[in-house]
Amino acid sequence: MINIPLIIVLLYIIVLFAISAYAKKLAKGSEGYLLAGRQLTTPLVAVSITGLAIGGASTIGVAEQAYNVGLAAGWYNVAWGAGAIAMGLLAAGKYRELHVTTVPEMFEKFYDVKGRAIAVASQITILLVTTSMQYLAGGAILASMLPSIFTLRTGMITSALVFIGITFVGGMWSSGLSNILNVALIYVGIGIATVITVTNQGGIGAIAAQVPQEVPYFHLVDGLGWMAIASWFAVMVTQCFSAQGVVQIACGAKDSKTARNGFIIGGLIMLPIGFLAALMGIAGKAMFPSMSATLALPQMIMSLNPYIAGVTLAALWAADVSTAGSLLLGSATLFSQDIYKRFLNPGCEDKKLTKVTKIAVIILGALTFGLALTVSGIVKTLLIGLSLTTAFTVVFLFTTFFPSMARKNSAFYTTLVGILVLVLWQFVPAIRVFPHVIYLEWITCVVTFLGVPLFDSKRIHDRAGTEIVNL
């Protein structure tokens, strides 16, 4: 029999590689490959940040959590949207005006080399964790779509090959252009699938009657509670100000106004998709009460009309492709710009730098796949990793808005304390006095930044040696 969902997904992959091949022609030089030549328009910025946000965690991960806690899981995407809007209002334009490529580069520009070194190590760690989540979600999609061919692991391998291949070919131009298709496909596919699923199961009331009554599946808050939801907002707003994948999109915009408007529009686009995915997860609980939560959303979709199922599964994969590509490019950029070019080969030619970046895409893609085999719980793992961005956000905000409080060692010690807090949180339960590590990260990082002037009197300067007073 003809497998309609498989054909649709294969066609989607072919189109993605065609877009990447076209993007390759636009990606001239390392800046063209890494930042789309700093020519992203407002719509491209908007779909790029939306595509980065609406990935495995925002679809498969939200449905996975909603399978257990209900509609409250949908707030994850609202938190992401709030972070993007805040980034647009306060920081996206600032990053574009700095004319940097990475967050660690900004650290050295205003602070020192050791600040850049510790920043790049931390940023790559964050990206490795977040990228690995996309392979897990991609494997779940393929395993549900073709269980006779793919296991979760082989589905993850296939996803990794496609994600890495598309990123390798076209860089940021590929990401930006393909996200026009990806975002449209995500909303059309998941929107139609949600309406049909709820209708086929007899409506919201019928689904509510079938799920366990001890869990408040259809309450917007009670499944998780305000403190957990507030933690999501704290994490997502924090990471939007300093995660490399996010910052790189802002730096690729045509100008500061484009960056600002693109992030605000993208944030607004993100808001509804989480609750649609959550509703699908709840429907999955009603129909498949004993299934693995990770497979709930893909399995629900496979029960639909094969054409709808194919489009929707392609949409879920589109979410993975859009996010994984941006994250892989971000990690490769950190390696090529902040490690290879800065420390290993400062005089390398532009052509050589582009080649090194592409090789890094392959190597880091393989590393993230290995990490994906060891993790579970998409949203939980992701939120822990993103908490490490607190130190970068604190440094950026003080550098931008309160530069008189910054000292040469502020970036290094604030980042170091951020790392130590996360390590202690994982291994010393006694320090877990807050509901989430993000709160302790903010307190300790702010206190550290404000405390550095007590022993360091050297103010920050720009590369020309001029003391920074205002940016």
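This is a predicted model: local features need pLDDT of at least 70, side-chain atom pairs count only at pLDDT 80 or more; totals for chains, interfaces and linings use all residues.
Me: I want to start with helices. What describes two packed helices?
Reply: Take helix α8, residues 113-145, and helix α9, residues 152-200. Their axes lie 7 Å apart, and the packing angle is about 120°. That angle makes α8 oblique to α9.

Me: Which hand does the crossing of α8 and α9 have, left or right?
Reply: The crossing of α8 and α9 is right-handed.

Me: Which residues of α8 and α9 meet?
Reply: From α8, the residues are Gln134, Tyr135, Leu136, Gly138, Gly139, Ala140, Leu142 and Ala143. From α9 come Leu152, Gly155, Met156, Thr158, Ser159, Ala160, Phe163 and Ile164.

Me: Now α20 and α21. At what angle do their axes cross?
Reply: Roughly 150°, and the axes come within 9 Å. An angle over 145 degrees counts as roughly antiparallel. So α20 is roughly antiparallel to α21. The crossing is right-handed here.

Me: What does α20 bring to meet α21?
Reply: The α20 side includes Tyr413, Val417, Leu422 and Trp425. Among the α21 residues they face are Leu440, Thr444, Cys445 and Phe449.

Me: How do α3 and α13 cross?
Reply: Their axes cross at roughly 45° and come within 7 Å. That makes α3 oblique to α13. α3 passes α13 in a right-handed crossing. In α3, the residues involved are Thr42, Val45, Ala46, Ile49, Thr50 and Ala53. Their partners in α13 include Phe263, Ile265, Ile269 and Met270.

Me: Next, single residues. Is Thr415 buried or exposed?
Reply: Look at relative accessible area. Under 20% means buried. Thr415 has 1%, so it is buried. You will find Thr415 in helix α20, residues 410-427.

Me: What does the side chain of Thr415 reach?
Reply: It reaches the backbone oxygen of Ala411, at 2.8 Å.

Me: Which residues does Thr415 touch, leaving out those up to four places away in sequence?
Reply: Phe107, Ile118, Ser122, Ala391 and Phe392.

Me: How do I read sequence separation against distance in space?
Reply: Compare two positions on the chain with the gap between their C-alpha atoms. Phe369 and Leu136 are 233 residues apart along the chain, with C-alpha atoms separated by 8.6 Å.

Me: Is Lys355 buried or exposed?
Reply: Exposed, because its relative accessible area is 53% and the cut-off is over 50%. Lys355 lies in helix α17. Its C-alpha is 8.6 Å from that of Ser30, a residue 325 places apart from it in sequence.

Me: And Lys25, buried or exposed?
Reply: Lys25 is exposed, with a relative accessible area of 64%. Its place is in helix α1, residues 4-26. Between Lys25 and Val169 the chain separation is 144 residues, and the C-alpha separation is 9.9 Å.

Me: What about the core? How many residues are in the largest nonpolar core?
Reply: It has 149 residues. Trp80, Met87, Tyr95 and Phe263 touch the most other members.

Me: Which residues does Trp80 touch?
Reply: Leave out residues up to four places away in sequence. Then the contacts of Trp80 include Ile49, Leu52, Ala53, Met236, Val246 and Met270. Ser58, Gln239 and Cys240 are also among them.

Me: Last topic, backbone angles. What is phi of Arg38 near?
Reply: Near 55°, a positive value in a residue other than glycine. Arg38 sits in the loop between α2 (29-35) and α3 (42-53). Arg38 is buried, with a relative accessible area of 4%.

Me: What is the phi of His99?
Reply: About 55°, positive, although His99 is not a glycine. His99 is found in the loop between α6 (92-98) and α7 (103-110). At 46% relative accessibility, His99 counts as partly exposed.

How values were computed:
Residues are numbered from 1 along each chain as its sequence is written. Side-chain values use heavy atoms; hydrogens and water are left out. Helices (H or I, at least four residues) and strands (E, at least two) are DSSP runs, numbered from the N terminus. Buried means under 20% relative accessible area, exposed over 50%, partly exposed in between (1.4 Å probe, protein chains only). A polar contact is a pair of N or O atoms within 3.5 Å; within protein, one must be able to donate a hydrogen and the other to accept it, and residues adjacent in sequence count only if both atoms are side-chain atoms. Contact means heavy atoms within 4.5 Å. A nonpolar core is a set of buried Ala, Val, Leu, Ile, Met, Phe, Trp, Tyr and Cys residues joined through side-chain atoms within 4.5 Å. Axes are lines fitted to C-alpha atoms, for helices over the stretch in contact, and angles run from 0 to 180 degrees between N-to-C directions. Angles under 35 degrees count as roughly parallel, over 145 as roughly antiparallel, 65 to 115 as roughly perpendicular and the rest as oblique. A crossing is left-handed if the near helix is turned anticlockwise from the far one by less than a right angle, and right-handed if clockwise.
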